[in-house]
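Grab your viewer and let's work through some aromatic contacts together. Each exercise sets a task and then walks through the solution.

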Amino acid sequence: MDSVGSKDLAFRKICTERFILSICYSLLQQYLLVTIFLLFINFNILHPISWIIGTVRLLVSFYPWIASFPLAIAVTVHGIVLAKSCLLESRYHSTYFLKFYRNLIQRSVLLLTYQTIGCLTAWLYTRFLRDEYRLLFLPGVQDETVLLNDRLVYLLMSGVFGGSYYFVREQPNPGAVDFPIILLPKVAQYWNNLSSVLTQSMRKSVVGMFIYMSVYYTFSCLFRQKLASLFGVGLQGDSTLYCFCNIVMDVRLLVYTWLFSALILSNIHLMHVLFRIFLTEPQNFSLETSIFQTNDEPLLADALAYKQIPIVQQMAAEDLFAIAEAQDNIRRKQLFALTVPGGHPNNWRKVYEVCMKLIGDFTQELDQSIDGIEPKPSPPMVLMGGVLRPTASMDKEHFMKKQYNQNFGIRSLSTPTLVASNGKAEHHANARGKAVDKVISVARMVERVPGYDFLFIESKSSKSYYLLSIQSQLIVKVTQSLVAIASRSLAEDTYGVLQNDLPCIAHTLLKLKKVVDKIGSINLDVKRVDRNYIALKGAVKKSLYRFTTAFGPYLKHLVIEPEDIKTLQAFVNFREV
């Protein structure tokens, strides 16, 4: 129990450190976006020096730091929500309704944090605008009454809509992290994403601004009166259409709305970018184990087998891939080394057993998930005149069989039989049958409702989609790493710790290839998981080609099953496509 608790604590410590760094940089990002906003609204082409100096003077003053304090709290809370989402174990949900029900609280909290960040971001930016866009209450024109500022309400609600718009449009999934193929420095990754995110957000905000205008015109009558009565003030206009026309005719307000939406979308999206940058940072796990050394660092084998936090497994798979493909063999020597004392290959055995278990479990689950799926329909037989159709002789034969069965009393299995019964029993049976028929008819009516199957019925291919979209990335890395280490063992494994495991590696890869090839012959819409399916299929074939290239001359000397040798010969001769 203590070892399990210490492992869990060590893995969570690794993730927590990265989460804290992501949140800290997200807080610094707010001042970058404020700088962009101030440079935009204070733009003065006639006096560029005073424009830049005035913006810098405003940034270094004490007021922006005080005004941004509520937004900083909201960003911190949102970062904690994202961190908890990344720490959740990935689970398979058989139906869409079950998935929606189990993720309802998490998605609701995520939506609430998006809306809060949007509203507080809009409130922060309005602190730097004129009084007509900054103050909540404005004095009346004719008398001394206080009126509710519709422009500020419009801008604040645009922030709430901006957070909701991002949630609905992007459908963010914080737990899904894609590791980059080529790892760049953190600064380069952030600046590459910054320009593209700002450009896309400005373009998306144009459509979002017009959608928000229609939404605000539709629902403003529901909360304008309530806000005015809550604060005990009057309205600038009783007519909703009149107030809406004043807003639409204010070009400056529309520009502010578009800019607020663009910066809010950029802010939320860049927070996800920062989390991805820090979570995909390489982590070097420990390989050596010794009874004489107290090593507090978590082992690579333990990280590969740790399913409670999927991101830890992905980091371990990336570290294993780096070990396998590194030019220097320093860490691979640790993997091939023998323990002292004893001289056992414990370092390799632990990693090997975990990798084989991951590949074997994935192969078995994927094979079971496609068992009930129908094969692809064979193409119709085409003759010179077109498609083959039933002839008159075939129809006549079918009719003669039916007539023969009727003449000799051969009843079809689908024909109901008649059972004799007395009157009272028949009455009860009829009443019971009517009740059952009524329940069945109601159930069938419910099943005919559009969307019932989509929400409550498990699709035959849903488990296959889950495995290919969630777990295939891990299997791709583990498969390629295992074969790369095995191929390099010819020159680096001085003790021969891998020799006895080569047949099992080849057999496991061939079983995985057989299941992956079976997916192409069944009626499975691989377009939904096209990227992951092609990556998995290509990784398996690449691994087998690499294995046969390295061990092709020695296949006969390895203890491999005859069927496996026959299959591997196609890879040796480069005939497998």
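**Exercise 1.** Work out whether Phe128 is buried or exposed, then do the ring pair it belongs to.

Step 1: Phe128 has a relative accessible area of 14%, so Phe128 is buried (buried is under 20% relative accessible area, exposed over 50%, partly exposed in between; 1.4 Å probe, protein chains only). This is a predicted model, where local features need pLDDT of at least 70, side-chain atom pairs count only at pLDDT 80 or more, and totals for chains, interfaces and linings use all residues. Residues are numbered from 1 along each chain as its sequence is written, and side-chain values use heavy atoms, leaving out hydrogens and water.

Step 2: Tyr63 comes out at 39% relative accessibility, so Tyr63 is partly exposed.

Step 3: A whole-structure search gives 24 aromatic pairs (ring centres of Phe, Tyr or the six-membered ring of Trp within 6.5 Å; planes under 30 degrees apart are stacked, over 60 edge-to-face, the rest tilted). Tyr63 and Phe128 have ring centres 6.1 Å apart and planes at 85 degrees, so they're edge-to-face.

**Exercise 2.** Find the residues that form one aromatic cluster.

Solution: pick out Tyr154, Phe161, Tyr165, Tyr212 and Tyr216.
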